[in-house]
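Dear colleague,

Please find the structure below, together with its sequence. My notes on what was found in it follow.

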Amino acid sequence: MAPSSKLVSLLKQSLPLARTTQARPAVASRLYSSQPDGDVEVNIPMIRKMEKICRNYIDQLDQPGGKEYNIQNFMMMYIFGSTTNTAYRTKLFDHWPTYLEDFNECKSIMGYRYPETLVETFLTLNIAKDAKILDMACGPGNVAFIMKDHAYTNIDGLDPSQGLLTAAMEKGLYQNTFCCYVTPDIPTPVADNTYDVLLCSGGMFPGSIVPQAFTELLRVVKPGGVIAWNIADGYEGFNDFFKTYDEIYQQLIKDGKWEEIQPVKKLDNMLFEDAGFTYVMRKL
(Lines give C-alpha, C1' and ligand atoms only; values in the text may rest on other atoms or scores of the structure.)
Protein backbone atom coordinates (compact mmCIF):
# COMPACT_ATOMS: atom_id res chain seq x y z
CA MET A 1 0.00 0.00 0.00
CA ALA A 2 1.33 3.46 -0.91
CA PRO A 3 2.11 5.90 1.96
CA SER A 4 -0.81 8.17 1.02
CA SER A 5 -3.19 5.16 0.96
CA LYS A 6 -2.00 4.11 4.41
CA LEU A 7 -2.70 7.60 5.70
CA VAL A 8 -6.23 7.68 4.28
CA SER A 9 -6.92 4.25 5.76
CA LEU A 10 -5.65 5.38 9.16
CA LEU A 11 -7.86 8.47 9.13
CA LYS A 12 -10.93 6.45 8.14
CA GLN A 13 -10.34 4.11 11.07
CA SER A 14 -9.93 7.03 13.48
CA LEU A 15 -12.96 9.12 12.57
CA PRO A 16 -15.67 6.66 13.74
CA LEU A 17 -14.19 6.89 17.23
CA ALA A 18 -15.13 10.57 17.48
CA ARG A 19 -17.69 11.60 20.04
CA THR A 20 -19.30 15.00 20.25
CA THR A 21 -20.15 14.70 23.94
CA GLN A 22 -18.18 16.69 26.49
CA ALA A 23 -15.15 14.91 27.93
CA ARG A 24 -15.59 13.47 31.42
CA PRO A 25 -13.71 15.10 34.30
CA ALA A 26 -10.13 13.88 34.56
CA VAL A 27 -7.77 13.67 37.52
CA ALA A 28 -4.17 14.83 37.60
CA SER A 29 -2.78 11.32 37.85
CA ARG A 30 -4.29 10.48 34.43
CA LEU A 31 -3.15 13.61 32.61
CA TYR A 32 -0.19 11.92 31.01
CA SER A 33 -1.51 8.39 30.41
CA SER A 34 -3.09 6.81 27.35
CA GLN A 35 -6.79 6.04 27.65
CA PRO A 36 -8.23 2.54 27.16
CA ASP A 37 -9.56 2.11 23.63
CA GLY A 38 -13.15 2.09 24.83
CA ASP A 39 -12.73 5.50 26.51
CA VAL A 40 -11.20 7.34 23.55
CA GLU A 41 -12.66 10.80 22.94
CA VAL A 42 -11.60 12.61 19.79
CA ASN A 43 -11.06 16.35 19.37
CA ILE A 44 -12.93 17.04 16.13
CA PRO A 45 -11.34 20.45 15.39
CA MET A 46 -7.92 18.80 15.48
CA ILE A 47 -9.10 16.14 13.03
CA ARG A 48 -10.23 18.93 10.71
CA LYS A 49 -6.74 20.47 10.89
CA MET A 50 -5.28 17.10 9.96
CA GLU A 51 -7.56 17.02 6.94
CA LYS A 52 -6.40 20.49 5.92
CA ILE A 53 -2.74 19.52 6.23
CA CYS A 54 -3.45 16.47 4.06
CA ARG A 55 -5.12 18.66 1.42
CA ASN A 56 -2.19 21.09 1.47
CA TYR A 57 0.20 18.17 1.09
CA ILE A 58 -1.64 16.72 -1.90
CA ASP A 59 -2.07 20.17 -3.48
CA GLN A 60 1.67 20.79 -3.40
CA LEU A 61 2.28 17.32 -4.86
CA ASP A 62 0.14 18.39 -7.80
CA GLN A 63 2.35 21.41 -8.42
CA PRO A 64 5.57 21.35 -10.49
CA GLY A 65 8.40 20.39 -8.18
CA GLY A 66 6.05 18.97 -5.54
CA LYS A 67 7.86 16.90 -2.90
CA GLU A 68 7.03 13.90 -0.77
CA TYR A 69 7.39 14.72 2.93
CA ASN A 70 7.38 12.58 6.05
CA ILE A 71 3.72 13.49 6.50
CA GLN A 72 2.73 10.17 8.09
CA ASN A 73 4.52 10.98 11.34
CA PHE A 74 2.82 14.36 11.56
CA MET A 75 -0.55 12.69 11.09
CA MET A 76 0.20 10.20 13.86
CA MET A 77 1.22 13.13 16.06
CA TYR A 78 -2.13 14.83 15.41
CA ILE A 79 -4.12 11.63 15.91
CA PHE A 80 -2.50 10.95 19.27
CA GLY A 81 -2.97 14.61 20.17
CA SER A 82 -6.65 14.56 19.20
CA THR A 83 -7.22 11.58 21.53
CA THR A 84 -4.95 12.94 24.31
CA ASN A 85 -2.86 9.79 23.98
CA THR A 86 0.27 11.36 25.43
CA ALA A 87 2.01 8.06 26.07
CA TYR A 88 2.04 7.03 22.41
CA ARG A 89 2.62 10.60 21.23
CA THR A 90 5.83 10.60 23.31
CA LYS A 91 6.79 7.16 21.99
CA LEU A 92 6.39 8.47 18.45
CA PHE A 93 8.73 11.37 19.21
CA ASP A 94 11.27 8.98 20.72
CA HIS A 95 11.47 7.22 17.34
CA TRP A 96 11.49 10.44 15.30
CA PRO A 97 14.98 12.00 15.48
CA THR A 98 14.41 13.97 12.25
CA TYR A 99 11.35 15.86 13.55
CA LEU A 100 13.00 19.29 13.32
CA GLU A 101 14.30 18.69 9.80
CA ASP A 102 10.94 17.29 8.69
CA PHE A 103 9.06 20.23 10.21
CA ASN A 104 11.27 22.84 8.58
CA GLU A 105 11.03 21.05 5.22
CA CYS A 106 7.24 20.93 5.10
CA LYS A 107 6.57 24.06 7.17
CA SER A 108 4.70 25.71 4.31
CA ILE A 109 1.88 23.16 4.48
CA MET A 110 1.68 22.96 8.30
CA GLY A 111 0.26 26.44 8.94
CA TYR A 112 2.01 26.55 12.34
CA ARG A 113 3.53 29.82 13.64
CA TYR A 114 3.87 29.36 17.40
CA PRO A 115 7.69 29.09 17.70
CA GLU A 116 8.61 32.09 15.54
CA THR A 117 5.96 34.39 17.01
CA LEU A 118 7.09 33.58 20.56
CA VAL A 119 10.70 34.33 19.63
CA GLU A 120 9.64 37.57 17.94
CA THR A 121 7.94 38.65 21.17
CA PHE A 122 10.94 37.62 23.25
CA LEU A 123 13.30 39.69 21.09
CA THR A 124 11.32 42.85 21.88
CA LEU A 125 12.39 42.51 25.54
CA ASN A 126 16.09 43.19 24.77
CA ILE A 127 17.29 40.52 27.18
CA ALA A 128 21.04 39.96 27.53
CA LYS A 129 22.52 37.40 25.15
CA ASP A 130 24.02 35.39 28.03
CA ALA A 131 20.69 35.04 29.86
CA LYS A 132 20.06 31.54 31.17
CA ILE A 133 16.96 30.28 29.36
CA LEU A 134 14.74 27.22 29.79
CA ASP A 135 12.82 26.06 26.71
CA MET A 136 9.94 24.15 28.34
CA ALA A 137 8.05 21.52 26.32
CA CYS A 138 10.81 22.13 23.81
CA GLY A 139 10.15 19.17 21.51
CA PRO A 140 12.83 18.98 18.82
CA GLY A 141 14.12 22.48 19.54
CA ASN A 142 12.01 24.68 17.23
CA VAL A 143 12.46 27.70 19.52
CA ALA A 144 16.16 27.14 20.22
CA PHE A 145 16.79 26.67 16.50
CA ILE A 146 15.44 30.18 15.83
CA MET A 147 17.06 31.69 18.93
CA LYS A 148 20.47 30.49 17.79
CA ASP A 149 20.24 32.84 14.80
CA HIS A 150 19.90 35.72 17.27
CA ALA A 151 22.97 34.68 19.32
CA TYR A 152 21.01 33.20 22.24
CA THR A 153 22.72 29.90 23.02
CA ASN A 154 22.65 29.58 26.83
CA ILE A 155 19.50 27.48 26.61
CA ASP A 156 18.40 24.27 28.34
CA GLY A 157 15.57 22.10 27.07
CA LEU A 158 12.83 20.23 28.93
CA ASP A 159 10.54 17.70 27.28
CA PRO A 160 9.11 14.22 28.02
CA SER A 161 10.63 12.73 24.84
CA GLN A 162 14.21 11.60 25.29
CA GLY A 163 14.43 10.88 21.57
CA LEU A 164 13.73 14.51 20.66
CA LEU A 165 16.06 15.80 23.37
CA THR A 166 18.89 13.58 22.15
CA ALA A 167 18.41 14.77 18.57
CA ALA A 168 18.39 18.41 19.73
CA MET A 169 21.57 17.92 21.75
CA GLU A 170 23.29 16.37 18.72
CA LYS A 171 22.45 19.57 16.83
CA GLY A 172 23.99 21.67 19.61
CA LEU A 173 20.72 23.42 20.44
CA TYR A 174 20.86 22.99 24.23
CA GLN A 175 23.45 23.12 27.00
CA ASN A 176 21.52 20.67 29.19
CA THR A 177 18.25 18.78 28.93
CA PHE A 178 15.63 17.42 31.32
CA CYS A 179 13.44 14.50 30.26
CA CYS A 180 10.23 14.84 32.25
CA TYR A 181 6.65 16.02 32.26
CA VAL A 182 5.52 19.25 33.91
CA THR A 183 2.74 18.33 36.33
CA PRO A 184 0.79 20.18 39.03
CA ASP A 185 1.96 17.91 41.84
CA ILE A 186 5.41 16.51 40.96
CA PRO A 187 8.31 19.01 40.67
CA THR A 188 10.66 18.77 37.71
CA PRO A 189 14.35 18.07 38.45
CA VAL A 190 15.15 21.76 37.91
CA ALA A 191 16.35 23.61 41.01
CA ASP A 192 14.48 26.61 42.41
CA ASN A 193 15.25 30.05 40.94
CA THR A 194 17.51 28.73 38.17
CA TYR A 195 16.55 30.62 35.01
CA ASP A 196 16.43 34.22 33.87
CA VAL A 197 13.87 33.31 31.18
CA LEU A 198 11.39 30.50 30.61
CA LEU A 199 9.86 30.10 27.16
CA CYS A 200 7.08 27.66 26.28
CA SER A 201 5.85 27.52 22.69
CA GLY A 202 2.53 25.74 22.19
CA GLY A 203 3.20 23.49 25.18
CA MET A 204 -0.06 24.05 27.03
CA PHE A 205 -2.77 21.64 25.98
CA PRO A 206 -4.45 18.46 27.30
CA GLY A 207 -1.86 15.82 28.08
CA SER A 208 0.93 18.39 28.38
CA ILE A 209 1.19 21.46 30.64
CA VAL A 210 -2.04 22.50 32.37
CA PRO A 211 -2.68 25.81 34.19
CA GLN A 212 -2.53 24.09 37.57
CA ALA A 213 1.23 23.74 36.85
CA PHE A 214 1.83 27.50 36.53
CA THR A 215 3.42 27.37 40.00
CA GLU A 216 6.11 25.02 38.66
CA LEU A 217 7.00 27.56 35.96
CA LEU A 218 7.32 30.20 38.67
CA ARG A 219 9.43 27.94 40.90
CA VAL A 220 12.26 27.41 38.41
CA VAL A 221 12.56 31.07 37.34
CA LYS A 222 14.58 33.65 39.29
CA PRO A 223 12.77 36.56 40.96
CA GLY A 224 12.51 39.26 38.29
CA GLY A 225 12.83 36.65 35.56
CA VAL A 226 10.65 36.41 32.46
CA ILE A 227 8.06 33.72 31.72
CA ALA A 228 6.60 33.82 28.20
CA TRP A 229 4.33 31.33 26.47
CA ASN A 230 1.65 31.07 23.84
CA ILE A 231 -1.54 29.07 23.73
CA ALA A 232 -4.32 28.43 21.24
CA ASP A 233 -7.53 30.42 21.28
CA GLY A 234 -10.37 28.44 22.84
CA TYR A 235 -8.13 27.00 25.55
CA GLU A 236 -10.95 27.14 28.12
CA GLY A 237 -12.65 24.38 26.14
CA PHE A 238 -9.64 22.04 25.98
CA ASN A 239 -10.81 20.00 28.97
CA ASP A 240 -11.86 20.46 32.59
CA PHE A 241 -8.36 21.46 33.67
CA PHE A 242 -8.42 24.50 31.39
CA LYS A 243 -11.83 25.78 32.50
CA THR A 244 -10.06 27.57 35.38
CA TYR A 245 -7.09 28.78 33.28
CA ASP A 246 -8.05 32.48 33.51
CA GLU A 247 -8.94 32.21 37.18
CA ILE A 248 -5.59 30.63 38.08
CA TYR A 249 -3.68 33.11 35.93
CA GLN A 250 -5.40 36.12 37.51
CA GLN A 251 -5.13 34.75 41.05
CA LEU A 252 -1.35 34.49 40.70
CA ILE A 253 -1.35 38.19 39.73
CA LYS A 254 -3.52 39.08 42.75
CA ASP A 255 -1.25 37.01 45.01
CA GLY A 256 1.80 38.94 43.82
CA LYS A 257 3.46 35.92 42.22
CA TRP A 258 3.85 37.47 38.77
CA GLU A 259 2.88 40.52 36.74
CA GLU A 260 2.31 41.26 33.07
CA ILE A 261 5.29 42.81 31.26
CA GLN A 262 3.15 43.26 28.17
CA PRO A 263 -0.62 43.03 27.74
CA VAL A 264 -1.79 39.62 26.59
CA LYS A 265 -1.59 39.67 22.81
CA LYS A 266 -3.92 37.86 20.41
CA LEU A 267 -2.41 36.84 17.08
CA ASP A 268 -4.35 35.54 14.11
CA ASN A 269 -3.41 32.59 11.88
CA MET A 270 -1.24 30.80 14.42
CA LEU A 271 -2.41 27.39 13.20
CA PHE A 272 -4.05 27.97 9.83
CA GLU A 273 -6.94 30.38 10.54
CA ASP A 274 -6.92 29.75 14.32
CA ALA A 275 -5.76 32.53 16.61
CA GLY A 276 -3.49 32.21 19.64
CA PHE A 277 -2.52 34.25 22.68
CA THR A 278 0.96 35.27 23.84
CA TYR A 279 1.68 35.96 27.52
CA VAL A 280 4.78 37.73 28.86
CA MET A 281 5.13 37.74 32.65
CA ARG A 282 7.69 38.77 35.26
CA LYS A 283 8.14 36.71 38.40
CA LEU A 284 7.84 38.89 41.49
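In what follows, Ala, Val, Leu, Ile, Met, Phe, Trp, Tyr, Cys and Pro count as nonpolar, Asp, Glu, Lys and Arg as charged, and the others, Gly among them, as polar. This is a predicted model, in which local features need pLDDT of at least 70 and side-chain atom pairs count only at pLDDT 80 or more, while totals for chains, interfaces and linings use all residues. Residues are numbered from 1 along each chain as its sequence is written, and side-chain values use heavy atoms, with hydrogens and water left out.

I begin with the cavity. A cavity is a set of points, on a 1 Å grid over the protein atoms alone, where a 1.4 Å probe fits but cannot get out; its lining residues have an atom within 4 Å of a point. Grid points are joined across faces, edges and corners, and a volume is the space filled by probe spheres set on the points. The structure holds one cavity of 30 Å³ or more, and the largest cavity contains about 40 Å³ of space. Its lining consists of Ala144, Lys148, Tyr152, Thr153, Ile155, Gly172 and Leu173. By class, four of the lining residues are nonpolar, two are polar and one is charged.

Of these, Tyr152 lies in the loop between helix 8 and strand 2 (155-159); helices (H or I, at least four residues) and strands (E, at least two) are DSSP runs numbered from the N terminus. Tyr152 has a relative accessible area of 4% and is therefore buried, where buried means under 20%, exposed over 50% and partly exposed in between (1.4 Å probe, protein chains only). Tyr152 and Lys132 are 20 residues apart in sequence, with their C-alpha atoms 9.1 Å apart in space.

Next come the aromatic residues. Rings of Phe, Tyr and Trp (its six-membered ring) pair if their centres lie within 6.5 Å; planes under 30 degrees apart count as stacked, over 60 as edge-to-face and the rest as tilted. The whole structure contains 20 aromatic pairs. The pair of Tyr112 and Tyr114 is tilted, because the ring centres are 5.2 Å apart and the planes stand at 40 degrees. Tyr114 is buried at 4% relative accessible area, whereas Tyr112, at 22%, counts as partly exposed. Phe242 and Tyr245 form a stacked pair, 6.5 Å centre to centre with 15 degrees between the planes, and both residues are buried. Ring pairs also link Phe214, Trp229, Phe242, Tyr245, Tyr249, Trp258 and Tyr279 into a cluster.

Tyr245 and Tyr249 belong to helix 11 (residues 245-254), where they are buried along with Leu252. The exposed residues Glu247 and Lys254 are on the face of helix 11 turned away from its buried side.

Finally, two loop residues have a backbone feature to note. Most residues other than glycine have a negative phi. Ala137, in the loop between strand 1 (133-136) and helix 8 (142-148), has a positive phi of about 55 degrees.

With kind regards

Definitions and conventions:
On a 1 Å grid over the protein atoms alone, a cavity is a set of points where a 1.4 Å probe fits but cannot get out, and a pocket is an open set with protein on both sides within 12 Å along at least five of seven lines; lining residues have an atom within 4 Å of a point.
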